Amino acid sequence: MRYFNTIAALACLTGIPALVAAQGAIPVLGQATSTETIQIAKKADAKKKAPSKAKAAKQPPPTPAKQLFGAAKSPAAMAARSIGFYAKGCLAGAKALPIDGPAWQAMRLSRNRNWGHPELIALVEKLAVEAKAHDGWPGLLVGDISQPRGGPMLTGHASHQVGLDADVWLTPMPNRRLSEKEREELSATSMLAADRVSVNPDVWTDAHVRLLKRVASYKQVERVLVHPAIKKAICTSAAAKQPDHAWLSKIRPIWGHYYHFHIRIACPKGSANCQAQPSVGPEDGCGAELDRWLALIKNPPKPAPGPPAPEKAPITLAQLPPDCGSVLASGQPPPAKETPAKQAAPAAKKATVTK
Ligand SMILES: [Zn+2]
């Protein structure tokens, strides 16, 4: 509801005409010339204007979009559509991944981020079932997907905004149903060895390779993001040496991602305003590119000397694709001032919120 507050009109600032105000000062000053009168008038005018400037400067900045989307507790009941880019957009008609399935459990339920485009939800479910049936993987622990209406989040994740990104833990699912508390508190297992450029053989298994190969083999999947040490483990696996290894190019190294991997699927059909990312090239990414990454992990870039760079201003609703305003407004209760009759009118709701 905070977004209603962002529609604030500028206060109309009126002042006494400058010369009249200055003339009031002339008897006190006694012998003011006409030039002085004008100067006094200007000063008085400036004095009158000063508070207005201060007031304008105090105008609160627009509410960050992450607060608006973070507050939306339910999906927009519209046709399913990913709108914008993975890191700057929103989601209409989201579907929830059921918190329990035949081969998965959703984690961190309090975050309410088990929402995605129906195509992504179907893919995660398929991956869980197939990996359990064929890869010796006991089931998926599914982390963050998207918020009910996508959009920027209050914590973590630059992407995950359009319902096409999902995080899946690299920790195998236990053979029992986890309680809600466990799903909040259970820690994922790091796959890294102490050197951080290779995986820990105590926790890394061939089943991980099979799982990652499976997800990267799905046509809709464009990228699977993992830590460089995991990419190295994949590149050196027997699976990578088989003739058909086109899937390998989709597994991309990135910082972090040693507790979980990140699935990104392509813009689905029917999402005209979904902005695609260039697809990965044909190279398997196991040569020079991986070497560069591993060197970076060994010697991470040092922060530039001097004060830290100022924090970027958060994305506002106005910076997201225009349709995201309608996604946010859809089905939301109107502001408290509305009468019950008006509340029932969808047109009134829309008009109030799409500013
Ligand atoms: Zn992610």
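Reader: Let's start with helix H8 (residues 206–217): how many residues has it, and how far does it reach from its first C-alpha to its last?

Author: First, the ground rules. This is a predicted model, where local features need pLDDT of at least 70, side-chain atom pairs count only at pLDDT 80 or more, and totals for chains, interfaces and linings use all residues. Residues are numbered from 1 along each chain as its sequence is written. Helices (H or I, at least four residues) and strands (E, at least two) are DSSP runs, numbered from the N terminus. The expected span of a helix is 1.5 Å times one less than its number of residues. H8 has twelve residues and reaches 16 Å, close to the 16 Å expected.

Reader: And why does the span of H6 agree with what it should be?

Author: H6 has 17 residues, which at 1.5 Å a residue should span 24 Å, and its end C-alpha atoms are 24 Å apart. After H6 comes Gly 136, with a positive phi near 70 degrees.

Reader: Which residues of H6 are buried?

Author: Here's the general idea: an α-helix has 3.6 residues a turn, so residues three or four places apart point the same way. As for the term, a residue is buried if 20 or more other C-beta atoms lie within 10 Å of its own, exposed if 12 or fewer, and partly exposed in between, with C-beta atoms placed from the backbone. In H6 the buried ones are Glu 119, Leu 120, Ile 121, Leu 123, Val 124, Leu 127, Ala 128 and Ala 131. For H8 they are His 208, Leu 211, Leu 212, Lys 213, Val 215 and Ala 216.

Reader: What do the buried residues of H8 pack against?

Author: They pack against H6, strand E9 (221–226), helix H9 (228–235), strand E10 (251–253) and strand E11 (260–265).

Reader: How should I read a nonpolar core, and which residues of the largest one touch the most other members?

Author: A nonpolar core is a set of buried Ala, Val, Leu, Ile, Met, Phe, Trp, Tyr and Cys residues joined through C-beta atoms within 7 Å. The largest one here has 65 residues, and Val 124, Leu 140, Val 142 and Val 224 touch the most other members. Helix H6 (residues 118–134) gives the most to this core, with seven residues. Take Val 142 as a case: leaving aside neighbours within four places in sequence, its contacts (C-beta atoms, placed from the backbone, within 7 Å) include Val 124, Leu 97, Trp 104 and Val 168.

Reader: On to strands: why is E11 largely enclosed by the rest of the structure?

Author: Because six of the six residues of E11 are buried. In a regular strand the side chains alternate between the two faces of the sheet. In E11, His 260, His 262 and Arg 264 point one way, Phe 261, Ile 263 and Ile 265 the other way, and all are buried.

Reader: What sense does the pairing of E9 and E11 have, and over how many bridges?

Author: Two strands pair if DSSP finds at least two bridges between them. E9 and E11 pair in the antiparallel sense over four bridges, with Leu 225 as the bridge partner of His 262. Strand E8 (residues 165–169) also runs antiparallel to E11, joined by five bridges, and there Val 168 stands opposite Phe 261.

Reader: How many residues link E1 to E2 in the hairpin?

Author: Two residues do. The strands run antiparallel with five bridges, and Arg 81 stands opposite Ala 92 in E2. E2 is mostly covered, with five of its five residues buried.

Reader: Where is Ala 87, then?

Author: Ala 87 sits in the loop between strand E1 (81–85) and strand E2 (88–92). With 16 other C-beta atoms within 10 Å, Ala 87 is partly exposed. Beyond four places in sequence, Ala 87 is in contact with Ala 158, Ser 159 and Gln 161.

Reader: Last one: what pLDDT does the chain average?

Author: pLDDT is the predictor's confidence in each residue, from 0 to 100. The chain averages 83, and 77% of the residues score at least 70. Over residues 1–38 the pLDDT is below 50, and over residues 338–355 it stays under 50 as well.

Definitions and conventions
Two residues are in contact if their C-beta atoms, placed from the backbone, lie within 7 Å.
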